[in-house]
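Let's take a friendly walk through a model, with the cut-offs spelled out along the way. Please have a look at the sequence and the coordinates before reading on.

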Amino acid sequence: MIAFDFAQLRLIGLQQAIAGAATQLNISSPAAQLMRVSAVHRDSIGVHDGSLEQPAQILPRLLHALLEHDTILAVGDWIAAEPDLHGTLWITAHLSPVTQIARRGNEGRRQVLASNVDTALLVMGLDGDFNPRRLERYLAIVLAAQVSPVVVLSKADVADDVPGKLALLKQRLPPHVPLFAIDTRHAYDVAILEPWLGAGQTLVLLGSSGAGKSSLTNTLCAAGQATNGVRHGDGRGRHTTTARSLHLCASGACIIDTPGLRSWRADADAQTLAATFDDIAALAATCQFRDCQHASEPGCQVRGAVDGDRLRNYHKLLRDARRSEETPLERIAARAKWKTILKAGLERGKDKRR
């Protein structure tokens, strides 16, 4: 059994569920330590013991076991590590995460963004970064991961029509999701986030480049991360953060900052994803037809009651989720089916022109 200082590790987010799992680890070495992954680099893993961050290597046996289960270490994971005779720290065990936020690449490959997260701060600028559809995608995936979302609208001090944008989001987003418009650079503004910054809490910042994630991390944790402005001409953000990293806050919480996300596909099945649009699900239950697609069917209770753009975004997310669930053979069959349909349509068009 591995020994650890709960009070010290609580500073980097240790909670009872993880502590209980750690006591079940079959580790006999007295030098083994319970630590948390704080950064992932090409040639090493940053790990933290609650007072100090240091580099570590993954034991080949553990690396092989992780790859066999299509798993890699992510920032926020809890691990056991011990030094060898030369002072190199080796990661010898990995604790299964309680929560995990991940996305799917265009090829369907799963990429873990953060593990063991309690709250996701979804950061979106009120300037040229403002995009309700993208925010809904972030929200759906965070809820599917069973992580509590908080929407943080940055640059409230310089943006135009802040009340109008807030009203639009309040109309489109579920009412139970907290929504704040702040200037992320000032402590008196970010103090509104204190209810989510208690000791032992872990937060992750998600958003596009230049949305203000690094500025918010700096204000909450005095992290001293570099920040950039937006590009001239299109108002889009510049990449500042290039890797995920864990930062400690004076309140006892810790924050995982992430690079800006260019693409974001759901790591959830269609049923789980649909449940995150609970307003549509509730209305759909009263439609005339059980399999109503909310397109042109009679007796649909969703069309007209839900913002049209939100409904189109919902359908797009469901299509993405269903594609992720398809096997390679099913994808090939689907492509062949649509090629046949397209070819038949072209032939009919030729016949009409003759």
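## Ground rules

This is a predicted model, in which local features need pLDDT of at least 70 and side-chain atom pairs count only at pLDDT 80 or more, while totals for chains, interfaces and linings use all residues. Residues are numbered from 1 along each chain as its sequence is written, and side-chain values use heavy atoms, with hydrogens and water left out.

Let's start with β5, which spans residues 89-94. Strands here are DSSP runs of E with at least two residues, helices are runs of H or I with at least four, and both are numbered from the N terminus. Five of the six residues in β5 are buried, where buried means under 20% relative accessible area, exposed means over 50%, and partly exposed lies in between (1.4 Å probe, protein chains only).

Which strands pair with β5? Strand β3 (residues 53-58) runs parallel to β5 and is joined to it by two bridges; pairing requires that DSSP finds at least two bridges between the strands. Gln57 has Trp90 of β5 as its bridge partner. Strand β4 (residues 78-83) pairs with β5 in the antiparallel sense, over five bridges, and here Ile79 is partnered with His94. The hairpin of β4 and β5 has five residues between the strands, and Gly87 in that hairpin takes a positive phi near 90°.

## Cysteines

A disulfide is a covalent bond between the sulfur atoms of two cysteines. With the criterion of two cysteine sulfur atoms within 2.5 Å, a search of the whole structure returns one disulfide. Cys221 and Cys249 form it, with their sulfur atoms 2.4 Å apart. The two cysteines are 28 residues apart and link distant parts of the chain: Cys221 belongs to helix α7 (residues 213-221), whereas Cys249 sits in the loop between β12 (245-248) and β13 (254-257). Both Cys221 and Cys249 are buried.

Cys292 counts as buried because its relative accessibility is 10%, and Cys300 counts as buried at 12%.

## Salt bridges

How many salt bridges does the structure hold? There are 11, each being a side-chain nitrogen of Lys or Arg within 4 Å of a carboxyl oxygen of Asp or Glu. One of them joins Arg172 to Asp309, at 2.9 Å from N to O. This pair links distant parts of the chain, 137 residues apart, with Arg172 in helix α5 (residues 162-172) and Asp309 in helix α10 (residues 308-325). Arg172 is buried at a relative accessible area of 5%, while Asp309 is partly exposed at 22%.

Helix α10 also contributes Arg310, which forms a salt bridge with Asp279, the closest N and O atoms being 2.8 Å apart. Asp279 lies in helix α9 (residues 278-284), and the two partners, 31 residues apart, again link distant parts of the chain. Arg310 is buried, with a relative accessible area of 3%, and Asp279 is partly exposed, with 28%. A network of salt bridges links Arg133, Glu136, Arg172, Asp279, Asp307, Asp309, Arg310 and Arg312.

Another salt bridge pairs Arg185 with Asp183, whose closest N and O atoms are 3.0 Å apart. Arg185 counts as exposed at 53% relative accessibility, whereas Asp183 is buried at 7% relative accessible area.

Rolling a probe the size of a water molecule over the atoms shows where empty space is left. On a 1 Å grid over the protein atoms alone, a cavity is a set of points where a 1.4 Å probe fits but cannot get out, and lining residues have an atom within 4 Å of a point. Grid points are joined across faces, edges and corners, and a volume is the space filled by probe spheres set on the points. The count comes to one cavity of 30 Å³ or more, and the largest cavity has a volume of about 40 Å³.

Its lining is made up of Glu136, Leu139, Ala140, Leu143, Pro174, Thr276, Phe277 and Arg310. Helix α4 (residues 132-144) provides the largest share, four residues. By class, the lining has five nonpolar, one polar and two charged residues; Ala, Val, Leu, Ile, Met, Phe, Trp, Tyr, Cys and Pro count as nonpolar, Asp, Glu, Lys and Arg as charged, and the others, Gly among them, as polar.

Definitions and conventions. 1 Å grid on protein atoms, 1.4 Å probe; cavity = no way out; pocket = protein on both sides within 12 Å on 5 of 7 lines; lining within 4 Å.
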